[in-house]
Amino acid sequence: MDYLWTPWRYQYVTNLGGPVECIFCAVAVDSSQDRTHLVVSRGARNLIMLNRYPYTSGHLLVVPYEHVATLEDLPDETLVELIRLARLAEKHLRALYRPEGLNLGFNIGRSAGAGVAGHIHLHALPRWTGDTNFMTSLGETRVLPEALETTWERLHAAFGA
Ligand SMILES: [Zn+2]
C-alpha cells in the first residue's frame, strides 16, 4: 500500500531493518517535541497522538506510557484513563469531522495488524461510507484529504479546550 504524499513512510520502511526501538516509548518520555511527534494531548498515564500513517483524516492513537503488549498487562488505573481518553477522542472526532461512524479498537500482536506490536495502543478513527474502497482497490493508493499538520492543529485545540 502506497500513500500519495507520505514520504516518511519510506523512511519508516527503511528503518525496519535497523536497531529495534519503540517509537511510543520515545514519544512518551519526551514531551518537549509533542508537535513534531503529533501528540495532541497528554493524560497522567496515557497520551493521544495522530497516527503518522492514517487510514482516514483524524486517525488517533491512545497510547499508555508503559511499554506493555497486552490489555492484561495494563494496570487498572491506566486502563480506565485510556478508555476515558478514547471517549474524549470519540467526542472530538465526531464534533470536528462529522463522520458517519467511528472505529475504536486494538490490534494485539503483529498478525492482528499491530504496527508496533510490543506496545499496546488504541486506534480511534472517523469513518465514512466508501472511504476505504475506491482508491484502495483501484490503485493501491489512498488519498488523504487533510495534511497531518492541519489535523494536529484542530485536534490539539479541541483537546486543549
Ligand atoms: Zn514502548
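In what order do the elements of the protein run from the N terminus on? The order is β-α-α-α-β-β-β-α-β-β-α-β-α. The model is predicted, and the protein holds six helices and seven strands. Of its 161 residues, 25% count as buried. Among contacts with a separation of 6 or more, 63% are between residues 24 or more positions apart.

**Helix 4: span and faces**

- Helix 4 is made of 22 residues, and the distance from its first C-alpha to its last is 31 Å, close to the 32 Å expected at 1.5 Å a residue.
- The buried residues in helix 4 are Thr-78, Leu-82, Leu-85, Ala-86, Ala-89, His-92, Leu-93 and Tyr-97.
- Viewed down the axis of helix 4, these buried residues fall within an arc of 135°, so they line one face of the helix.
- Asp-76, Glu-77, Arg-87, Lys-91 and Ala-95 are exposed on the other side of helix 4.
- The packing partners of the buried residues of helix 4 are strand 3 (46-50), strand 4 (60-64), strand 5, strand 6 (122-127) and helix 6 (148-160).

**Leu-93 in helix 4**

- Leu-93, a residue of helix 4, counts as buried because it has 24 C-beta neighbours inside 10 Å, where 20 or more are needed.
- Leaving aside residues up to four places away in sequence, Leu-93 touches Gly-58, Pro-99, Leu-102, Ala-124 and Pro-126.
- Leu-93 and Leu-155 are separated by 62 residues in sequence, while their C-alpha atoms are 8.0 Å apart in space.

- Arg-98 follows helix 4 and has a positive phi, near 45°, although Arg-98 is a residue other than glycine.
- The loop that holds Arg-98 runs between helix 4 (76-97) and strand 5 (101-106).
- Arg-98 counts as exposed because it has 9 C-beta neighbours inside 10 Å, and the limit for an exposed residue is 12 or fewer.
- Leu-38 is not a glycine either, and its phi is positive at about 70°.
- Leu-38 sits in the loop between helix 3 (34-37) and strand 2 (39-42).
- Is Leu-38 buried or exposed? Leu-38 is buried, since 22 other C-beta atoms lie within 10 Å, and a residue with 20 or more is buried.

Conventions
Residues numbered from 1 in each chain as written. Predicted model: local features only at pLDDT ≥ 70, side-chain atom pairs only at ≥ 80, totals over all residues. Helix = DSSP H or I, 4+ residues; strand = E, 2+ residues; numbered from the N terminus. Contact = placed C-beta atoms within 7 Å. Expected span 1.5 Å × (residues − 1). Arc of directions from axis to C-beta.
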